[in-house]
Amino acid sequence: MILFSSISKSSVVKSTKQRRNMSRWILCPLLQLLLLVCEVHAQVENRVIFLPGTFQNVSLSQNETVQAVVSRIPSEVAFITLQFHTQHRNATLSYTRMADQGHSLTAVDSGLLSALQPGQASLSLFLSSPGGDAVAGTGVILPYSSQDPVPGACNMEFDLDIDPNVYIRYNLYETTIRFAPANLGYERGEAPLACDQTMEANTRWRLRYDVYQYFLPENDLSERSLFIGIQAVADVRRMAENGKRVMTLSSSDLSMAVFNSIPGQGVIYSVIVRDPLRNTSASYIPVHTYACSFTSTLDGCQTLGKVSTKIFFTVAGLAGLFVCFVGHRFFKCELFCMGFSFAAFFFFVLITRTTELDYDICLAVSAVIGVVGGVLLVMSWWRFGSVMACIVVVGLMLGFLTASTVLFTPLGRKQLSQHDPSCLVSVARRCYRSQPILVEGNIITCGVVGAYAVILAVNAYIYTSLSYITLNILKRFLNNSYSAAFTDVPFQTIDYVMITVWVVLGVGGIVLQLYRERSRPFFPPSPYLMWQQERERRKTNVLDPRHHFAPLPNRLLARVRQFTKRAEPAGEHTPLLL
């Protein structure tokens with residue numbers, strides 16, 4: 001019994017130890033599996049799966065790196081591009097988890113091109129936020145075959161070996177885009193063709209580059225509007241359907257294009273490289289700009305309209321409305337407004353080109369000089385009475401606006417981009433010479449120019465492309481290199497509304513003034529000449545009671561003496577006879 005009990009005790013102890021050992025062996029794999037699951041789950045949280053041609057919204061937290069994964073790549077795909085777009089915050093797109101120069105790009109619109117190896121069916125790229133701030137954007141993967149040209153494969157200027165990006169720079173006057181030349185497509189595992197060895201037809205020199213432009217909705221600075229626009233023009237097919245091809249460059253041309261800047265107007269630019277022999281094409285990474293800064297506290301995209309500009313054009317709009325309907329009736333007011341506009345425009349160009357003064361100071365000085373110009377024009381008519389000389393300035397204003405409107409059309413933009421801005425002067429002269437210097441011409445000028453001043457006043461608060469009728473000319477006068485820029489502006493609903501307002505105001509003002517002035521003299525007489533004629537008439541007409549009036553200086557002197565002379569008592573002053 002004792003032996004049995006000891007044996008049973010020892011067996012119990014052994015079984016207990018075996019159970020503990022078994023539990024350890026069972027718990028350790030479970031713990032390892034749990035840790036592995038947690039690790040995989042953490043990786044999945046920092047991973048984004050991209051499907052070819054499908055946009056994926058990605059949010060990057062502070063100091064976070066997200067892995068962009070592409071899997072199940074078909075064997076016929078030779079290379080792919082990943083593009084990522086944000087509205088105004090930079091994002092870094094890199095080939096490796098640790099971004100370094102030459103293998104990454106930090107920009108608002110960034111893209112990378114990856115050439116695939118034989119048998120490769122998956123690919124990983126990395127997204128991160130370089131500025132320490134959270135970034136939200138949208139991205140897409142686009143696959144290309146070996147027959148398609150490779151964008152940026154002949155890059156000799158930028159950091160990446162193969163750079164499919166479009167680089168953009170802007171200022172107040174112009175926006176410039178640059179890109180690296182492309183190369184012919186090639187199979188997986190093959191070496192790419194040499195870029196500059198020969199210029200034969202079987203080399204990259206046969207490629208053509210179509211530059212496209214796409215305007216976002218006017219007065220819309222929202223991120224949603226941008227992402228919708230990016231999705232509408234991301235690839236070749238959608239850009240050709242929705243965008244506007246503005247020019248085509250050959251391989252021998254400079255890989256750059258210049259456009260006019262439109263502050264506050266969102267524009268997307270892209271380049272599509274085409275192989276005419278293989279009839280294939282590929283898209284560079286689209287890039288966007290608003291020609292303004294979202295981070296600037298002064299003159300940013302949200303506060304584009306300067307207070308000084310709004311005040312100036314609001315007053316100009318009210319004066320234009322007055323001139324549009326009653327300008328000819330109040331001839332002196334019309335001359336002042338026309339003289340003000342002519343002098344202010346001329347001296348604004350002169351001051352801006354010859355000095356480094358701030359915009360507000362230039363505008364204030366130009367306004368003061370404009371007032372002087374308006375007064376001088378009125379005084380010249382008041383003193384000399386030459387209506388024809390004053391109407392010259394009025395006719396030049398109409399000729400300038402007419403010439404600017406013609407040059408605003410596509411035909412005019414094409415001709416103006418090939419000539420110096422001084423060609424506008426000859427166009428304005430021709431328009432002026434064709435106008436009869438009569439009351440009808442003056443009334444037409446009042447209606448057309450006055451109504452356009454109202455459009456400029458509206459533009460100070462709500463953007464409209466009609467302001468570029470004269471703004472393009474002003475930019476060409478202020479910037480010598482602006483004549484090389486391709487000028488194009490969006491034409492949307494607000495612009496059609498403004499055209500209607502311009503036509504209604506102009507026609508209404510012209511008809512009203514022609515009706516009211518049909519029985520009145522053509523132009524009012526000069527006040528100074530009338531005073532001279534009246535003075536001569538008084539000298540010769542002795543029957544006129546006013547002829548016996550003393551001259552004005554004598555009358556003023558007599559009136560002064562009345563105030564200074566001591567008053568004498570009333571009564572009889574002669575001695576009484578006794």
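# Cysteines, a buried serine and a helix pair

Cys-362 has a relative accessibility of 3% and therefore counts as buried, since the limit for that class is under 20%. The model described here is a predicted one, and residues are numbered from 1 along each chain.

Other cysteines carry the account further. A disulfide is a covalent bond between the sulfur atoms of two cysteines. The count for this model comes to one disulfide. The partners are Cys-154 and Cys-195, whose sulfur atoms lie 2.0 Å apart. The angle about the S-S bond is -90°, and the link of Cys-154 and Cys-195 is left-handed. Cys-154 belongs to the loop between β9 (135–145) and β10 (166–170), while Cys-195 belongs to the loop between β11 (174–179) and β12 (208–215), so the pair ties together parts that are 41 residues apart in sequence. Both Cys-154 and Cys-195 are buried. Cys-337, by contrast, is in no disulfide: the nearest cysteine sulfur is that of Cys-333, 6.8 Å away, whereas a disulfide requires sulfur atoms within 2.5 Å.

Attention now turns to a serine. Ser-281 lies in strand β16, which spans residues 280–283. With a relative accessible area of 16%, Ser-281 is buried. Leaving aside residues up to four places away in sequence, Ser-281 touches Tyr-144, Asp-148, Pro-149, Val-236, Ile-272, Val-273 and Arg-274. Ser-281 and Pro-151 are separated by 130 residues in sequence, and their C-alpha atoms are 9.4 Å apart in space.

The last part concerns two helices. Two packed helices are described by the angle between their axes and the distance between the axes. Helix α10 (residues 439–459) packs against helix α12 (residues 493–516) at an angle of about 150°, and their axes are 8 Å apart. Angles over 145 degrees count as roughly antiparallel, and α10 and α12 are therefore roughly antiparallel to each other. Their crossing is right-handed. On the α10 side, the residues that meet α12 include Ile-443, Ile-444, Val-448, Ala-451 and Ile-455. On the α12 side, the residues in this contact include Met-498, Val-501, Trp-502, Leu-505 and Ile-510. By class, the contact of α10 with α12 comprises 15 nonpolar, three polar and one charged residues.

Technical notes:
This is a predicted model: local features need pLDDT of at least 70, side-chain atom pairs count only at pLDDT 80 or more; totals for chains, interfaces and linings use all residues. Side-chain values use heavy atoms; hydrogens and water are left out. Axes are lines fitted to C-alpha atoms, for helices over the stretch in contact, and angles run from 0 to 180 degrees between N-to-C directions. Helices (H or I, at least four residues) and strands (E, at least two) are DSSP runs, numbered from the N terminus. Angles under 35 degrees count as roughly parallel, over 145 as roughly antiparallel, 65 to 115 as roughly perpendicular and the rest as oblique. A crossing is left-handed if the near helix is turned anticlockwise from the far one by less than a right angle, and right-handed if clockwise. Contact means heavy atoms within 4.5 Å. Ala, Val, Leu, Ile, Met, Phe, Trp, Tyr, Cys and Pro count as nonpolar, Asp, Glu, Lys and Arg as charged, and the others, Gly among them, as polar. Buried means under 20% relative accessible area, exposed over 50%, partly exposed in between (1.4 Å probe, protein chains only).
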